[in-house]
Structure formats: structure tokens, C-alpha cells
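Reader: I have a structure to read and I am new to this. Can you take me through it step by step?

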There are 2 protein chains.
Amino acid sequence: MQSDAFQDVTAALARLGGQRVWSLLVSVFGDLAQARGEAIDGPVLSAIMSEMGIRPEATRVALHRLRNDGWIASEKSGRTSRHSLTALGRTESAAASPRIYGTPVEDADDWHMVLTENGDANMRAQMHTKGFVLVMPRLYIGAASATPPNDAMVLTGETVPDWLRAQITPQNLTADYEALAPILADIDERLPRSAGISPLQSAVLRCLIVHNWRRIALKHPRLPRILYPDNWAGTTCHVLVARLLDRFPRPHMSQITGP
Amino acid sequence: MQSDAFQDVTAALARLGGQRVWSLLVSVFGDLAQARGEAIDGPVLSAIMSEMGIRPEATRVALHRLRNDGWIASEKSGRTSRHSLTALGRTESAAASPRIYGTPVEDADDWHMVLTENGDANMRAQMHTKGFVLVMPRLYIGAASATPPNDAMVLTGETVPDWLRAQITPQNLTADYEALAPILADIDERLPRSAGISPLQSAVLRCLIVHNWRRIALKHPRLPRILYPDNWAGTTCHVLVARLLDRFPRPHMSQITGP
């Protein structure tokens with residue numbers, strides 16, 4: 001029963017699309033072996049990828065690509081390959097981690113708006129990097145923790161009208177969040193405990209959840225929840241992702257053996 | 001000496017242009033006979049207009065026009081005409097008075113910005129009427145006493161950058177204020193006391209000051225002084241207008257006789 005549920009939900013996550021194998025590997029290493037000195041042995045990686053339904057040949061090709069990109073390094077230890085993130089891969093993974101793993105509770109509801117003197121592309125890129133969302137040319141909104149540029153005008157307010165929520169919600173990503181949310185809710189309901197989930201299954205669940213969450217969440221700055229509409233699918237996903245990653249802890253690599 | 005100074009400054013004010021006679025009459029009645037029941041007798045009006053250098057024929061034509069516009073009513077009392085504002089003229093004069101006679105000290109420095117949901121022409125007109133200045137489409141700034149529309153987003157801030165001051169200052173009117181300011185400063189310097197100024201001269205000074213001030217000031221909403229650049233000519237004019245109108249009080253019509 002537990003096993004059927006696991007098969008169903010991993011299949012549903014895989015069906016969401018956007019599962020390019022090299023990108024999936026980025027999620028796997030980012031989640032399971034991000035710290036300096038951590039690595040994933042070849043057989044463990046094969047077991048994880050195979051459990052996700054990825055063919056060994058596809059994994060080999062993707063590993064090759066990521067080595068060429070300087071993201072992953074592989075070394076032989078006897079007959080076993082060990083794969084790990086390079087300094088570049090670690091840096092980039094670490095940069096994305098706060099957005100991926102930040103829990104909804106860390107979202108203080110304080111926000112501010114920022115009016116900039118000019119509205120050129122440089123400024124827009126700078127503000128996006130700082131975590132601000134464009135409301136209008138030269139006017140941005142962001143968490144109070146996002147630092148405005150020097151000489152910008154900082155504005156705060158008491159209330160947020162619904163029409164503003166509608167304007168700053170990334171409408172183009174709402175459909176993606178709405179596709180992900182029921183699958184996460186299904187995992188939450190059908191796998192209410194980690195008991196009976198093997199370390200390998202836990203690793204696979206985590207990586208598929210992180211992967212499908214990250215490919216949407218990293219496309220827009222995270223604003224305080226109060227700035228999104230009530231019951232917005234993006235918020236629902238965030239709450240469920242945090243809950244499920246907490247429920248299925250990161251296994252130690254040595255615990256993972258083939259299925 | 002006093003008399004030379006009076007001639008010089010009234011001539012300087014008259015030279016500023018924008019002295020259409022009907023418009024000058026609107027200033028005269030608005031300043032000297034705005035209250036219900038007040039009127040200006042024909043000979044008194046002739047003395048004032050003549051002192052301003054307006055020919056009797058031009059005054060007659062302008063009075064005729066204002067009667068046709070329903071702004072002024074004239075009645076005969078024996079051989080003397082009495083002219084007064086109509087209800088319309090009184091209402092319109094009263095509507096403009098806070099802007100014309102408001103002293104700079106009444107300008108609390110509190111302000112707010114308002115973001116509206118839509119930026120159509122109706123909204124822009126509504127916001128202008130409420131005393132807001134457009135910063136960008138949908139974004140306005142105004143005194144804290146200006147009431148935002150329902151469902152608009154109200155924003156406040158701690159500091160105002162200079163570039164915003166430059167943006168919201170009515171640049172097209174700055175030259176007009178810069179032309180008026182030295183004349184007002186000259187009056188302030190050369191006529192430091194009301195002693196020696198006749199009631200007729202006081203009436204003429206007031207009307208010319210009000211007239212030249214109103215034709216600029218009524219073209220833009222008044223923002224708190226903190227939102228204008230330091231030493232802006234508009235602020236200089238406002239301070240001087242308030243000081244001079246206080247120095248040369250409104251004479252009673254019965255005090256005024258021909259020169």
C-alpha cells in the first residue's frame with residue numbers, strides 16, 4: 001500500500017515534465033551532497049536515478065555534460081566512481097538553497113516598495129537580483145529584508161489591496177504551481193509518515209519534490225505571503241514542500257543501496 | 001519716495017503680462033468683495049482699475065463679459081452702479097481661496113503617495129482635484145490631508161530624494177515664479193510698512209499681488225514644502241505673498257476714494 005503510494009506519487013511528479021536529466025542531477029546533488037567533501041558513489045546514484053525511471057545511458061550522458069560544464073567532478077576509487085559538486089556547483093547550489101529550502105514561517109510579512117530614479121534594464125536586473133518584483137516601471141515591491149539601492153525612495157504602507165496582489169503574483173507560473181500542488185497534497189495524504197519509506201525512497205521523493213519546486217520557485221523572487229492572494233497555489237506548494245522535506249529527511253549516502 | 005516705490009512695483013507687476021482685464025476683475029472681486037452682501041461701487045471700482053492703468057472702456061467691456069458669464073451682477077442705486085459677485089462667482093472664488101490665501105505655515109510637511117489600480121484619464125482628473133501630483137502613471141504624491149480614493153494603496157516614507165523633488169516640481173511654472181519672486185521681494189524691501197499707503201493703494205497692491213500669484217499657483221496642486229527643492233521660487237513667492245497680504249490689509253470699500 002505504502003509502496004503503491006510511493007510508485008503513484010513519484011510517477012505523478014515525473015509526469016509533470018521539465019525532467020531533463022542533467023537538471024534532475026543538479027537537484028539530486030544539490031539536495032543530497034551539497035556540502036564540501038560530500039559525494040555520491042556511482043552505484044548509489046544509479047539506484048536513485050533508476051528509481052526515478054531514468055535509463056542508465058541517459059544518466060551517463062547527463063553526467064558527462066555536467067562534468068564539461070564544470071558542475072560535477074568524478075573520480076575513480078578502485079572500481080567505483082565517486083561524483084561530487086565542483087566549487088562552482090557548490091556555490092551555485094548554495095545560492096539557490098535559501099529560496100528552495102526557506103520555510104514559509106521565515107517569511108516575515110513586512111514589505112516595502114521602492115521607487116527608483118531611473119527605470120533602465122540595468123536597474124531592473126539589479127532589483128530582480130535583490131529580490132524585488134516590478135510593479136510598474138521604476139516601482140518595485142519586496143520583503144523588508146531586501147535592500148533597496150542607494151538614493152532610491154523607500155515606501156511602506158498599512159494595507160495591500162487585492163488588485164495589487166493580483167498584479168504582482170506571477171500569473172505565468174500559477175498554472176505550474178496548480179499542477180504541482182495536488183501531487184504534493186497527495187503525497188502528504190498518502191505518505192503521512194516516514195516509517196516504511198526506505199532511505200532510497202526518501203532520497204527519490206526529496207529530489208523529485210525539490211526538482212519540481214525549484215524549477216518554478218527559482219523563476220520569481222519570493223515575496224512575503226501577505227503579498228500573494230489568499231490560497232494562492234504558490235503558497236500552498238511552499239507550505240507542502242517544507243512539510244514534506246521535513247517529513248522525509250535527507251538520508252546518509254551510506255544508507256542507500258539498490259532497490 | 002513711498003509713492004515712487006508704489007508706482008514702480010505696480011508697474012512691474014502689471015508688466016508681468018497675463019493681465020486680461022476680465023481676469024483682473026475676478027481677482028479684484030475675489031479679494032475685496034468676496035463675502036455675501038459685499039459689493040463695489042462703480043466709482044470705487046473705476047478708481048482701483050484706473051490706478052492699475054486699465055482704461056475705463058476696457059473695464060466696462062470686461063464687466064459686461066463677466067455679467068454675461070454670470071460671474072458678476074450690477075445694479076443701479078440712484079446714479080451709482082453697484083457691482084457684486086453672483087452666487088456662482090462667490091462659490092468659485094471661495095473654492096480658490098484656500099489655495100490663494102493659505103499661508104505657508106499651514107503646510108504640514110506630512111505627505112503620502114498613492115498607487116491607484118488604474119491610470120485612466122478619469123482617475124488622473126480625480127486625483128488632480130483631490131490635490132495630488134502625478135509622479136508616474138498610477139502613482140501620485142500629495143499632502144497627508146489629501147484624501148486618497150477608496151481601494152487605492154497608500155504609501156509613506158521617511159525621506160524624499162532630491163531627484164523626486166525635481167520630478168514633481170512644476171518646471172513649466174518655475175520661470176513664472178522666478179519672474180514674480182524678485183518683484184515681491186522688491187515690494188517687501190521698498191514698502192516695509194503699510195504706513196503711508198492709502199486704502200486705494202493697498203487695494204491695488206493686494207489685487208495685483210493676488211492676481212499674479214493666483215494665475216501661477218492655481219495651475220498646480222500645492223504640495224508640502226518639503227517636497228519642493230530648497231529655495232524653489234514657488235516657495236519664495238508663497239512666503240512673500242502671505243507676508244505682503246498680511247502687511248497690506250484689505251481696506252473697507254468705503255475708505256476708497258479716487259486718487
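**Strands, helices and copies**

Author: Start with one pair: B:M113 stands opposite B:I141 in strand 6 of chain B. This is a predicted model, where local features need pLDDT of at least 70, side-chain atom pairs count only at pLDDT 80 or more, and totals for chains, interfaces and linings use all residues. Residues are numbered from 1 along each chain as its sequence is written, chains are lettered from A and ligands numbered from 1 in the order in which they are written, and side-chain values use heavy atoms, with hydrogens and water left out.

Reader: How many bridges pair strand 4 and strand 6 of chain B?

Author: Strands of a sheet pair through backbone hydrogen bonds, either parallel or antiparallel. Two strands pair if DSSP finds at least two bridges between them. Helices (H or I, at least four residues) and strands (E, at least two) are DSSP runs, numbered from the N terminus. Here strand 4 (residues 111–115) and strand 6 (residues 139–143) of chain B are antiparallel, with five bridges.

Reader: In what order do the four strands of that open sheet in chain B run?

Author: The order is 5-6-4-7, with antiparallel pairing. Strand 5 (133–136) and strand 7 (153–155) of chain B are at the edges, each with a single partner strand, so one side of each has no neighbour in the sheet.

Reader: Which residue of strand 3 of chain A is the bridge partner of A:S74?

Author: A:H83 is the partner of A:S74. A:H83 is also the bridge partner of A:I40. Strand 2 (residues 72–77) of chain A runs antiparallel to strand 3, joined by six bridges. Strand 1 (residues 40–41) of chain A joins strand 3 (residues 80–85) through two bridges, again antiparallel. Strands 2 and 3 of chain A form a hairpin with two residues between them, and A:G78 in the turn has a positive phi of about 65°.

Reader: Is A:D31 buried or exposed?

Author: Buried means under 20% relative accessible area, exposed over 50%, partly exposed in between (1.4 Å probe, protein chains only). A:D31 has 1% relative accessibility, so A:D31 counts as buried. A:D31 lies in helix 2 (residues 21–32) of chain A. Its side chain makes a polar contact with the side chain of A:R206 at 2.7 Å. A polar contact is a pair of N or O atoms within 3.5 Å; within protein, one must be able to donate a hydrogen and the other to accept it, and residues adjacent in sequence count only if both atoms are side-chain atoms.

Reader: What rotation superposes chain A on chain B?

Author: Copies are superposed by least squares on the C-alpha atoms of residues with pLDDT of at least 70 in both. The rotation is 180°, with 0.0 Å of shift along its axis (RMSD 0.1 Å). The two copies are thus related as by a two-fold rotation axis.
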